[in-house]
Amino acid sequence: MASKEENGKKYDHPVYKKISRLNGDINRMSRDELKERLESLHLNSRGVKEVLKKRLKAHYKRHRLQTEGLSTEDPQYYDFYLVVDFEATCEDSHTWPHEIIEFPIVVIDGKTHQVVDEFHSYVRPTINPVLTDFCISLTGISQDQVDSSPLFPEVLTSVESWLHRNKYCGKGVRSAFVTDGPWDMSRFMYLQCKHSNLAFPRWANTWVNIRKTYCNFYHFKRTSLRKMLENMGMSFEGRPHCGLDDTRNIARIAQRMLQDGSPLNVNERLFGPKLKSGESLEEVEIEVRGDGSSGLEKDLAALSVTAAASDPESDHEDLLSYYSLQKS
């Protein structure tokens, strides 16, 4: 990692003054001017003004740095981005223990920004094996689909075998999981491992909250999956709350952000002084910690978890809040 002195010398290069002046010019452009300039450069011209500004700035920065023979790579580069979006059992009541019933992963190559692979499995719940009408209507998952699916421990084993077999994680590989918000790992994965009496996976301890990164990069306050797509000039493809379709759409956002020059770095983690890989979750207190760079930290604080005294009503409200945010 470069020292502060080395970074200071790097930014003393005259090219950064040129980039700064270009950024100022871009900030003064109208949306129509931005679209026209992007089209003249054969770049994507869809999206709201803030998105177009970031896209044009990223293009000129890469071009100027390459012209001067300077590196354009993100110092926290990842080989793979592993996008996940779980679906869980649910009911319109305050006493429902949520279990993961759909486990999708979409893999993005960190160099090419292309989708290169997918994993998908439904999961058979055990606490409430019969899906509610509310859950079926919301997720589109049928009773037959979960009845014919493996239990969560088997699915988790399949996931980890798939990750290592394809070298998406492990020694010498830099990978980051990507989620839309803190809920997938901090709530769904956490509660499911607790229900199944499983060790919490080490790879689930950290992730990229793409919603937070998106708001910081494009300067939006709060947003939703659908709104993120709309801001980029895209529309949702598939069925909302189908786990695989949600994951594919989050991956589309990640691809566009990478193309627009946004870093996708780990910005949230589960924290607990007693939490260790391979340890039972029954007596462990954990919380979500972010990088402190977004107004969404209030959401994270509200999602802190205490395993020894889990509140079913709070769990349910978090899940319904999650679905509400997704649909808004």
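Helices (H or I, at least four residues) and strands (E, at least two) are DSSP runs, numbered from the N terminus. On that basis the protein has 13 helices and 9 strands, and Ala-251 lies in one of these helices, α11. This is a predicted model, in which local features need pLDDT of at least 70 and side-chain atom pairs count only at pLDDT 80 or more, whereas totals for chains, interfaces and linings use all residues. Residues are numbered from 1 along each chain as its sequence is written, and side-chain values use heavy atoms, with hydrogens and water left out.

- Of the 328 residues of the protein, 47% count as buried; buried means under 20% relative accessible area, exposed over 50%, and partly exposed in between (1.4 Å probe, protein chains only).
- Among contacts with a separation of 6 or more, 67% come from residues 24 or more positions apart, contact meaning heavy atoms within 4.5 Å.

**Packing of α3 with α4**

- Two packed helices are described by the angle between their axes and the distance between the axes.
- Helix α3 (residues 31-40) packs with helix α4 (residues 49-67) at an angle of about 40°, and their axes are 10 Å apart. Axes here are lines fitted to C-alpha atoms, for helices over the stretch in contact, and angles run from 0 to 180 degrees between N-to-C directions.
- The α3 and α4 helices are therefore oblique to each other; angles under 35 degrees count as roughly parallel, over 145 as roughly antiparallel, 65 to 115 as roughly perpendicular and the rest as oblique.
- The crossing of α3 and α4 is left-handed, a term used if the near helix is turned anticlockwise from the far one by less than a right angle, with right-handed used if clockwise.
- On the α3 side the contact is formed by Arg-31, Leu-34, Lys-35, Arg-37 and Leu-38, which meet Lys-49, Leu-52, Lys-53, Arg-55, Leu-56 and Tyr-60 in α4.
- By class, this contact of α3 with α4 has 5 nonpolar, no polar and 6 charged residues. Ala, Val, Leu, Ile, Met, Phe, Trp, Tyr, Cys and Pro count as nonpolar, Asp, Glu, Lys and Arg as charged, and the others, Gly among them, as polar.

- Helix α9 (residues 210-218) is mostly covered, with 8 of its 9 residues buried; the buried residues are Ile-210, Arg-211, Lys-212, Thr-213, Tyr-214, Cys-215, Phe-217 and Tyr-218.
- At the start of α9, the backbone nitrogen of Arg-211 has a side-chain oxygen of Asn-209 within 3.1 Å.
- The axes of α9 and α11 cross at roughly 35° and come within 11 Å; this crossing is left-handed.
- From α9, Ile-210, Thr-213, Tyr-214 and Tyr-218 meet Ile-250, Ile-253, Ala-254, Arg-256 and Met-257 in α11.
- The contact of α9 with α11 comprises, by class, 7 nonpolar, 1 polar and 1 charged residues.
- Ala-251 of α11 is buried, with a relative accessible area of 1%.
- Not counting residues up to four places away in sequence, Ala-251 touches Val-83, Val-106 and Ile-108.
- The C-alpha atoms of Ala-251 and Ile-210 are separated by 9.7 Å, although the two residues are 41 apart along the chain.

**Loop residues with positive phi**

- His-219 is found in the loop between α9 and α10 (225-231), just after α9. Its phi is near 65°, a positive value in a residue other than glycine.
- His-219 counts as exposed because its relative accessibility is 55%.
- His-241 lies in the loop between α10 and α11 (243-259) and has a positive phi of about 75° although it is not a glycine.
- At 5% relative accessibility, His-241 counts as buried.

- Glu-237 has its place in the loop between α10 and α11 and is partly exposed, with a relative accessible area of 47%.
- Leaving aside neighbours within four places in sequence, Glu-237 is in contact with Asp-245, Asn-249 and Arg-252.
- The side chains of Glu-237 and Arg-252 make a polar contact (3.5 Å). A polar contact is a pair of N or O atoms within 3.5 Å; within protein, one must be able to donate a hydrogen and the other to accept it, and residues adjacent in sequence count only if both atoms are side-chain atoms.
- Glu-237 and Asn-249 are 12 residues apart along the chain, and their C-alpha atoms are separated by 6.7 Å.
- Gln-192 is placed in helix α8 (residues 183-196) and counts as buried at 4% relative accessibility.
- Apart from neighbours within four places in sequence, Gln-192 is in contact with Glu-99, Ile-100 and Phe-152.
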